[in-house]
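Please look over the sequence and the model below. A short walk through two of its contacts follows.

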Amino acid sequence: MNWLSSYIRPKIRSIVGEQKDVPDNLWQKCPACEGMIFHREMTDNDAVCHHCGHHMKITVQKRIELLFDQGEYSRIKLPNVPEDPLKFKDKKKYVDRLKDSRAKTKEKDALIVGLGRIGGQKAVVAAFNFSFMGGSMGAAVGEGLVTAAQTAVKEKAALIVVPSSGGARMQEGAISLMQMPRSIVGVTMVKNAGFPYIVLLTHPTTGGVSASFAMVGDIHISEPGAMIGFAGKRVIEETIREKLPDDFQTAEYLLEHGMVDMVVSRDQLNTKIGKILTLLMETKKDYTPEGKNEPNGSSEQTPFPDNKDRKEKTKGNVTSLDKARNKKKKAKKRHQSKKNKSQTPSQKTATH
Amino acid sequence: MLDFEKPILELESKIRELRNASSDDTLNIAEEISRMEIKAQRLIQHTYSKLTPAQKVKVARHKDRPHFHDYIKNMIEDFTPLAGDRLFGEDLALIGGLGRFNGQSVVVMGQEKGADTESRLKHNFGMARPEGYRKAQRLMKMAEQFKIPVITLVDTAGAYPGLGAEERGQSEAIAKSIEVSLNLKTPIVSAIIGEGGSGGAIAIATADRIIMLAHSIYSVISPEGCASILWRSADYAKDAAGALKLTAEDMLKNGLIDSIVKEPLGGAHRQKEKAIRRVQAKISDSLQELSSLSPDQLVEARHAKFLQMGRKAA
């Protein structure tokens, strides 16, 4: 059999060509309700289960696109930092872990930063990439957060940070610990300049990340079901030798305990954050005169009072968007698909 | 007793025995004793001059190492402890209050691990809950209001991982403590006197000057925790202790602390007062250096200090 599978089969395959026209995973199972979700529904719904509203993982690129108006933004280049400062090695070298993560994610480190508009308001979004070493925070992420903050100040924009991280990056030892105060120095710049600093807590936000910049926002928003806490559940259970409640450290639990302002479902994030920014930036109007004169900015300047308006707005932009890049097309599709699904249960939004 | 101290302690107990036995004090025995004493000194020097990171972890956690209250007793006059965060409760894991340091009014705070079972339980082994950090913030702000400096003495395995602590926002309490420290318009000097355990330490160690006792440690995670995550077994704690670069020397080399205070021969636990005097002298120098800066300059310099951490290779 061996020669068949290792010799003949590849040979035939090379002649016939890879039969990969039919994707393997047409259907996916929701980890929460076990309902089956068709792949197209999965994409259209931004990886939110249409049966139970469970929010699944999305890529950081999708995440950042989802937050900005029409999915448009420009990437901010982040400075390089000294790599592997401790020459750290466990079972595997840290440099090799970095290499693997870079190959896997096609990104340099665990943070990406974009500048664009949300609800017409200028905003810098710094989003964590959980696929890159668990979104852990080392010097590169710290540097990225500082750059995001400096960009926000320079651009007179709000700062929105979206953590999705297991905490500090152990492989950088105490240097990663020092990114806790360092990131807070960054957000302090934004606060001192008088621009809003919003934290969108996504699954999971724990350890040194939750105990630093993620908990000092002007406003804390969380996605439903996200796990947010300082110590891991297992560590706590071992310490206190007790079983913890099922909803322990969930977004809803934090809402109940006064740690977040609101829990907002994924499809409402752009609208909700846009509305908040518009309210907060009211007195800052003088700061963005250039925004009003921008050809693109003018159509986006008006905040969207509700979802329906926003969709019409988006639809109205379709013709101009069609001419634009591929990315914009994708965004259009997303917004349209949302319109069709405006009645899905995934839109349950808890706010306080 | 630490394993690598065993030969030293055995030799010392032999010396004591000899002394007791030789009440008539013959010359031969006296010579023998002095020879052995020299040997013991050399042994201590030898052992302590080349402590491995894993051994330093043990010294840093030594039960006889001077703790917060030892420092207060020896270094602070008129110590007036102040209790409570005004929000929920009092946390005895993190003690703070007013006092006089070298004649000057200060706010002083730090984690107390406790010295025996009873006091360890009382102080929750130096692992603070949100209330502790919120009390710290309150006291720091008070120091700012009255324009007096803050001294923090750091000695904790970390913030307490418990149900109530999470419920009441352990993350927020630590984050806010760092923020308050960063923006405080009065000098802050921190000394890591034992264990600088991760978030629980940095919450009160975001300071203008950070001092470390030579055999204390400062780390993002305990070597045991790191080993069980990365090596999938706590048995590799020794390797993790080395890899994490948690010693005072490494911290200084990586530009994360400002100075190291040499410990008396054989570690701070062998000569508590001497160790405390040295820490006191270094804190005093640091406060002196900072006294010429205006409140705004202090904040600006503090921001700049933490902003560069991780930017330069060692």
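This is a predicted model: local features need pLDDT of at least 70, side-chain atom pairs count only at pLDDT 80 or more; totals for chains, interfaces and linings use all residues.

Start where chain B meets chain A. The contact draws 47 residues from chain B and 48 residues from chain A. The size of an interface is often given as the accessible area lost when the parts come together. Here the area buried between chain B and chain A is about 4,000 Å². Carbon and sulfur atoms give 73% of that area.

Polar links cross the interface as well. Between chain B and chain A, 13 residue pairs are in polar contact, both residues at pLDDT 80 or more. Which elements give two or more residues to the side of chain B that touches chain A? They are helices H7 (163-167), H8 (170-182), H9 (198-202), H10 (223-231) and H14 (295-307) of chain B, together with strand E7 (217-219) of chain B. H8(B) supplies the largest share, nine residues. By class, this side of chain B has 24 nonpolar, 12 polar and 11 charged residues.

Charged side chains also pair up. Two salt bridges are found across the interface of chain B and chain A. A:Glu143 and B:Arg311 meet through their side chains in a salt bridge, at 2.9 Å from N to O.

Helix H3 (residues 60-67) and helix H11 (residues 269-280) of chain A have axes that come within 8 Å and cross at roughly 50 degrees. H3(A) and H11(A) are therefore oblique to each other. H3(A) makes the contact with A:Arg63, A:Leu66 and A:Leu67. H11(A) answers with A:Leu269, A:Asn270 and A:Ile273. By class, the contact has four nonpolar residues, one polar and one charged.

Notes:
Residues are numbered from 1 along each chain as its sequence is written. Chains are lettered from A and ligands numbered from 1 in the order in which they are written. Side-chain values use heavy atoms; hydrogens and water are left out. Axes are lines fitted to C-alpha atoms, for helices over the stretch in contact, and angles run from 0 to 180 degrees between N-to-C directions. Helices (H or I, at least four residues) and strands (E, at least two) are DSSP runs, numbered from the N terminus. Angles under 35 degrees count as roughly parallel, over 145 as roughly antiparallel, 65 to 115 as roughly perpendicular and the rest as oblique. Contact means heavy atoms within 4.5 Å. Ala, Val, Leu, Ile, Met, Phe, Trp, Tyr, Cys and Pro count as nonpolar, Asp, Glu, Lys and Arg as charged, and the others, Gly among them, as polar. Buried area is the accessible area (1.4 Å probe) that two parts lose on being put together, summed over both. A salt bridge is a side-chain nitrogen of Lys or Arg within 4 Å of a carboxyl oxygen of Asp or Glu. A polar contact is a pair of N or O atoms within 3.5 Å; within protein, one must be able to donate a hydrogen and the other to accept it, and residues adjacent in sequence count only if both atoms are side-chain atoms.
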